[in-house]
Amino acid sequence: MTSTQTLSDWRTSALQLEQQINQVVVGQQAAVRNLLIAVFARGHVLLEGQVGVGKTTLLRAVAQGLGGKYQRIEGTIDLMPADLIYYTYLNSEGRPCVDPGPLVKQGEQLSVFFFNEINRARPQVHSLLLRVMAERSIGAFNREYRMPHIQVFADRNRVEKEETFELPAAARDRFFMEITIDTPSDDAVLDDLMFNPRYHDVDALIGEMSASQIPYYQLNDWATAIQQSIQPTAALRKYALDLWKASADPRAFGIKLHEVEMDQMLQAGASPRGIGYMIRAAKVRAWLENRDSLLPEDLQAVYAVTMSHRIFLNSMYGYRKDELIPTLIDSILNQIAAP
C-alpha cells in the first residue's frame, strides 16, 4: 500500500518538474499542466498548433525532464513503417548492414518516443504506431519487443495541408490528450521571447534543466498508486456519466447551437476509452492539487483536452469543426449541473 507521505513526495517532484518546464517554455502554463497530467496518467499526447509556437521545444523539455531512453523521428511523405523498425546502410568496408530503428533500438528501456510532424507520415506508418501505442510491443527481427514504459509524444501543425495525411479517428482516439498550443497573448511574454537571448538557443535552453527527481522507470507504478488513491463520490460518478452521454447526444440534455440541426450534427461522440481517459486525467489533477477525492472542477478542467478530439461531426458541419467543437464542449459544461 502506497503511503500518503510517498504520494506527497511524488507530488513535490512532479511540481518541481512542472516549474522547470515553465521556465523553458514560457506562456504555456495550461499546456504544461495538461502534459504533466498525461505523464502521470501514462497516456500518449498529440500537440497541435501553428508553426513556431514551441510544440517541439515543449516536448523536448518534457523528455529531458523525465529522463529515460529517448528516441525521435521526423514525419516525411516517404517515411515507411519499416523505417521505424530498422535502417540499412553501407559500412566503412562497403558492406550492407541492418541496424535497429528508433522504435526497437532501446528495447524495453525506451521511454519517450517523439514523432515530429506526424501528419506528414503515411497512413501505413500511423497504423504501426497505433499498435505500439495500444499494445506497447512490436515484432521485429524474429522476436517480440516489449516497451512497457513507452510514451508517445507527437505534434502536427495546422498550417500546411499539402503532402499531409489527416489522422483517422482510430489514431486520434489512441491519444490520451490532444493539446492545442497557441501563441501567448501576454505582451510581456512576447517581448521576452523576442528580445531575451536565452530563448534564441533552444539546445542551450533545454540543457539548463537540472536532473529530475522522478525515476522514470517507476512511473507505471506511480500512476497505478495515484489512480487507486483518488476516489469519486456516487454523485460525481453520475456527473461524469452525463458528461460522456452529452458528447454523443447533446439534444438529450437540452443543448442547442446556433444555426445547427442538432440531430444531424454528430457522427460519433466520445468512446468508452475516452471517458476512461478523462477520469484518469481528472484523478491526476486532483492529486496534483493535493486532494484524495475528485471534485467537479477536476472533470471540467480536463474535459475539453481529453474529449474534443473524440467528437466527430458529420460532413455537412465538418468545415465548421474549429468553431463547433469548442462551442459544444462549453455548452455541455455549462448545461449539465455539477453536484
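How many nonpolar, polar and charged residues does the lining of the largest pocket have, by class? The lining has 14 nonpolar, 13 polar and 12 charged residues. Here Ala, Val, Leu, Ile, Met, Phe, Trp, Tyr, Cys and Pro count as nonpolar, Asp, Glu, Lys and Arg as charged, and the others, Gly among them, as polar.

The model is predicted: local features need pLDDT of at least 70, side-chain atom pairs count only at pLDDT 80 or more, and totals for chains, interfaces and linings use all residues. Residues are numbered from 1 along each chain as its sequence is written, and side-chain values use heavy atoms, with hydrogens and water left out.

**Pockets**

The largest pocket has a volume of about 1000 Å³. A pocket is an open set of points on a 1 Å grid over the protein atoms alone, where a 1.4 Å probe fits, with protein on both sides within 12 Å along at least five of seven lines; lining residues have an atom within 4 Å of a point. A volume is the space filled by probe spheres set on the points, which are joined across faces, edges and corners.

There are 39 lining residues in the largest pocket, and Glu48, Arg158, Glu178, Thr180 and Ser308 lie nearest its centre. Among the elements that give two or more residues to this lining are helix H2 (29-41), strand E8 (151-157), helix H6 (169-174) and strand E9 (177-181). Helices (H or I, at least four residues) and strands (E, at least two) are DSSP runs, numbered from the N terminus. H2 gives the largest share of the lining, five residues.

The second largest pocket holds about 430 Å³ of space. Its lining consists of 24 residues, with Gly52, Val53, Gly54, Lys55 and Thr57 nearest the centre. Helix H3 (55-66), E8, helix H7 (187-195) and helix H8 (202-207) each supply at least two residues of this lining. By class, the lining of the second largest pocket divides into 11 nonpolar, nine polar and four charged residues.

**Salt bridges**

The structure holds 19 salt bridges, each a side-chain nitrogen of Lys or Arg within 4 Å of a carboxyl oxygen of Asp or Glu. Three of them are listed here.

| Salt bridge | Closest N and O atoms |
|---|---|
| Glu144 and Arg131 | 2.9 Å |
| Arg156 and Glu166 | 3.2 Å |
| Arg320 and Glu323 | 2.9 Å |

Salt bridges that share partners join Glu48, Arg156, Glu166, Arg172 and Glu178 into one network. Within the listed pair, Arg156 is in strand E8 and Glu166 in the loop between E8 and H6, 10 residues apart. Arg156 counts as buried because its relative accessibility is 5%, whereas Glu166 is exposed at 52%. The cut-offs are under 20% relative accessible area for buried and over 50% for exposed, with partly exposed in between (1.4 Å probe, protein chains only).

Glu144, at 41% relative accessibility, is partly exposed, and Arg131 is partly exposed at 31%. In the remaining pair of the table, Arg320 is buried at 13% and Glu323 is partly exposed at 43%.

**Surface patch**

Tyr86, Val98 and Phe141 form a nonpolar patch on the surface, with about 270 Å² of accessible area together. Such a patch is made of residues with over 30% relative accessible area and no salt bridge, their nonpolar side chains (Val, Leu, Ile, Met, Phe, Trp, Tyr) joined within 5 Å. Accessible areas come from the Shrake-Rupley method with a 1.4 Å probe. Phe141 lies in the loop between strand E6 (137-140) and strand E7 (143-146), and is partly exposed at 40% relative accessibility.

Key: Patch = residues over 30% accessible without salt bridge, like charges linked within 9 Å, V, L, I, M, F, W, Y side chains within 5 Å.
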